[in-house]
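Look over the model below.

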Amino acid sequence: GSASYFAMLYLLPILCGGISFQVSGGLAAAGLAAVLYGAYGILEYQGAVNPPVEASAVHSAHSAASLVRGYLSISVFALTGLFSGSLSKYLREREEALRRVEEELRRVQLHTDSIIMNVSSGLIVTNMAGEVVACNPAAVRILGLRPAEYLKGCLIQDVIPHMSALV
């Protein structure tokens, strides 16, 4: 009932509706929870349902407070549905945007790798730590190095010892 501490358990299906079906699901679940909560409150007020023993004295003495508590609970239901649905929608949009950016990054990486591997000049790419990230076949051939796949992750100073003076 309205005086029960368990009334806030209505929030669980509202959160599930908002997470699963975004704003419309959250608001639909909140609406259903509000109808059920309100119907139970009306039945309780009319005496068709007995309130818990510890709440019966408080309930009969403060019917106006019970009404305010009911409106407040229904408002919390609606806000929870709106918030959880909006948050779910935002997170799904961010997830889709991240997926698109990752896809574009993969496409650019493939394009960059293609350029590096097919340029006729010798090219060795390192990161800020001096580790070899990429080495094209021309660099392997010109410098007489072992195959490029063995060089990835090695320090440039280990691959080309005289480079330490230039790096």
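Start at C135. Beyond its neighbours within four places in sequence, C135 is in contact (heavy atoms within 4.5 Å) with M117, L123, I124, V140, A148 and L151. This is a predicted model: local features need pLDDT of at least 70, side-chain atom pairs count only at pLDDT 80 or more, and totals for chains, interfaces and linings use all residues. Residues are numbered from 1 along each chain as its sequence is written, and side-chain values use heavy atoms, without hydrogens and water.

C135 belongs to the largest nonpolar core. Such a core is a set of buried Ala, Val, Leu, Ile, Met, Phe, Trp, Tyr and Cys residues joined through side-chain atoms within 4.5 Å. Buried means under 20% relative accessible area, exposed over 50%, and partly exposed in between, with a 1.4 Å probe and protein chains only. The core has ten residues, including V132, A139, I156 and I160. At least two residues come from each of β2 (132–135), α4 (137–143), α5 (148–151) and α6 (156–159). Another core, of nine residues, lies apart from it; A7, L11, A34 and Y37 are among them.

Now the loop. S120 sits between α3 (63–118) and β1 (124–126). S120 has a relative accessible area of 64%, so it is exposed. From S120 to A139 is 19 residues in sequence and 8.9 Å in space, C-alpha to C-alpha.

Last, the whole protein. It has six helices and two strands. These are DSSP runs: helices (H or I) of at least four residues, strands (E) of at least two, numbered from the N terminus. Their order is α-α-α-β-β-α-α-α. Of the 167 residues, 25% are buried.
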